[in-house]
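User: Hello! Could you walk me through the charged pairs in this structure?

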Amino acid sequence: MCGVLIIHSKKNKKLNKKKCFLAAKKLFNRGPDLHKSNFFRNSTLFISNTVLSITGFQDKNKNLEKSISNRYVISFNGEIYNYKELNNDLKIFNKINYSDTDILVNLYDRINHNLIPTKLNGMYSYVIFDKKKNKLKIINDPQGEKNLYYYNDTNFLIISSTINAILNFTENYSINKEPIFNYFSTRHFMPFEQTCFKKIKLFPISSTTEFWLDKNYLNTKI
């Protein structure tokens with residue numbers, strides 16, 4: 001279990017770094033082994049990843065994992081069970097020490113991006129930052145085991161593994177009564193994409209979402 005946090009300033013104002021790190025701390029319980037983070041685009045984009053080391057060696061580098069080409073950066077939650085088979089097929093690494101995260105981010109240099117989720121056997125949600133196209137790709141698994149919350153207003157796009165990190169950064173929230181009412185009236189029903197907070201939603205299960213940072217445009221495909 002790891003923690004993903006992305007904060008994008010939609011008006012290109014530099015982010016408050018202290019607030020970003022405080023929000024990231026809300027994910028430390030999900031990734032106690034290591035915290036990786038970097039700022040991009042003149043400090044208007046913050047990408048953070050707290051890590052629970054499951055596969056491969058425990059990397060102490062505090063910079064985010066990136067592809068060999070340096071074009072793609074990843075924040076990843078989950079586990080890819082067939083990562084060694086993928087490496088054997090594509091010959092990405094000759095070394096012994098590599099992780100499923102290493103393989104996943106480097107797939108974006110090797111094969112058609114639309115095919116990548118179909119190659120993965122595992123439970124996962126992740127965000128890829130494409131430096132060349134200034135675009136985020138948000139992917140989650142088809143069974144809905146791992147997912148990501150998001151907050152999207154005129155100032156910020158925030159993507160997180162937990163609602164707590166979003167609330168910590170925005171410091172502003174209001175209760176969404178409808179899903180709470182549905183839960184207590186049916187004793188089990190909760191909508192898939194809504195949450196108990198207004199403006200905080202879940203990405204759809206088995207979806208690929210692209211967000212163009214220059215245009216602040218969000219598009220989701222199932």
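**Charged pairs**

Analyst: Happy to. K36 and E65 form a salt bridge, with their closest N and O atoms 3.3 Å apart; a salt bridge means a side-chain nitrogen of Lys or Arg within 4 Å of a carboxyl oxygen of Asp or Glu. This is a predicted model, where local features need pLDDT of at least 70, side-chain atom pairs count only at pLDDT 80 or more, and totals for chains, interfaces and linings use all residues. Residues are numbered from 1 along each chain as its sequence is written, and side-chain values use heavy atoms, leaving out hydrogens and water.

User: Which residue forms a salt bridge with K137?

Analyst: Side chains of opposite charge can pair when their charged atoms come close. For K137, the closest N and O atoms of the pair are 2.7 Å apart. K137 counts as buried, at 5% relative accessibility. The partner is E210.

User: Which residues are linked with E210 in a network of salt bridges?

Analyst: The side chain of K135 also meets E210 in a salt bridge, at 3.3 Å from N to O. K135 is buried at 9% relative accessible area, and E210 is buried at 18%. The residues linked with E210 in the network are K135 and K137.

User: How many salt bridges does a search of the whole structure find?

Analyst: The pairs discussed here include K36 with E65 and K137 with E210. Searching the whole structure gives a total of five.

Note on methods. Buried means under 20% relative accessible area, exposed over 50%, partly exposed in between (1.4 Å probe, protein chains only).
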